[in-house]
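The report that follows describes the fold and selected side-chain interactions of a single structure, with the cut-off for each term given where the term is first used. Please read it alongside the sequence and the coordinates.

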Amino acid sequence: RLKDLCASAKGRNGAFRHLVLLDEKEKMIGMSVVRHDLDAPKRANQFMTGLLAPYRGKGLAKWMKAYMYDLLFKQYESLEAIRTDCFAENLPILGLNKRFGFEEITRQTEMVFDR
């Protein structure tokens, strides 16, 4: 049995929404985070949707994204666009984003040098 907790927190120039999925033991198994930009109220950014490995491939990421988008469009009538990002190698989420109607505008590689 899964349930969701959705909370809103106002940050600097934005309102954050966090959707947290819990299993039957109240252990967090997934999370989705979006930010509605209060300075540009026609857009929001989805920063992350993620699930623990055993829960992937069950449609839960799709459910979380749909839930968040529905919530955003109901709460913010001025909202016209949502931006999201993901790693270029994350083919499952790329495909899911495209099915939701997102258009790819750039692809990048993140690099780090650790000493």
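## Salt bridges and charged residues

Lys98, Glu104 and Arg107 are linked in a network of salt bridges, where a salt bridge is a side-chain nitrogen of Lys or Arg within 4 Å of a carboxyl oxygen of Asp or Glu. The model is a predicted one, in which local features need pLDDT of at least 70 and side-chain atom pairs count only at pLDDT 80 or more, whereas totals for chains, interfaces and linings use all residues. Residues are numbered from 1 along each chain as its sequence is written, and side-chain values use heavy atoms, with hydrogens and water left out.

| Salt bridge | Distance, N to O |
|---|---|
| Asp37 – Arg43 | 3.1 Å |
| Asp70 – Lys74 | 3.1 Å |
| Lys98 – Glu104 | 3.9 Å |

The surroundings of these residues can be described by relative accessible area, for which buried means under 20%, exposed over 50%, and partly exposed in between, computed with a 1.4 Å probe on protein chains only. Asp37 counts as buried because its relative accessibility is 9%, while its salt-bridge partner Arg43 counts as partly exposed at 38%. Asp70 is partly exposed at 41% relative accessibility, whereas Lys74 counts as exposed at 61%; these two residues are 4 residues apart in helix 1, and therefore are separated by about one helical turn. Glu104, which meets Lys98 in a salt bridge, is partly exposed, with a relative accessible area of 39%.

Leaving aside neighbours within four places in sequence, Lys65 is in contact with Gln46, Thr49, Thr84, Ile93, Leu96, Asn97 and Phe100, where contact means heavy atoms within 4.5 Å.

## Fold and strand pairing

The chain has 2 helices and 5 strands, and along the sequence these follow the pattern β-β-β-β-α-β-α. Helices (H or I, at least four residues) and strands (E, at least two) are DSSP runs numbered from the N terminus, and two strands pair if DSSP finds at least two bridges between them. Buried residues make up 32% of the 115 residues in the chain.

Strand 2 (14–22) and strand 3 (28–37) pair in the antiparallel sense over 9 bridges, and in strand 3 the bridge partner of Arg17 is Val34. The hairpin of strand 2 and strand 3 has 5 residues between the strands, and here Glu26 takes a positive phi near 65°; Glu26 counts as partly exposed at 42% relative accessibility. Strand 3 itself is mostly covered, with 8 of its 10 residues buried.

Strand 3 also forms a hairpin with strand 4, with 5 residues between them, and this pair is antiparallel over 7 bridges. In strand 4, the bridge partner of Arg35 is Asn45.

Strand 4 (residues 43–51) and strand 5 (residues 81–84) pair in the parallel sense over 4 bridges, and the bridge partner of Arg43 in strand 5 is Ala81. Strand 4, helix 1 (residues 60–75) and strand 5 make a right-handed β-α-β unit, right-handed meaning that, with the strands pointing away from the viewer, the path from the first strand over the helix to the second runs clockwise.

Leu52 is found in the loop between strand 4 and helix 1, and counts as partly exposed at 36% relative accessibility. Leu52 touches Lys27, Met28 and Ile29, not counting residues up to four places away in sequence; Leu52 and Ile29 are 23 residues apart in sequence and 5.4 Å apart in space, C-alpha to C-alpha.
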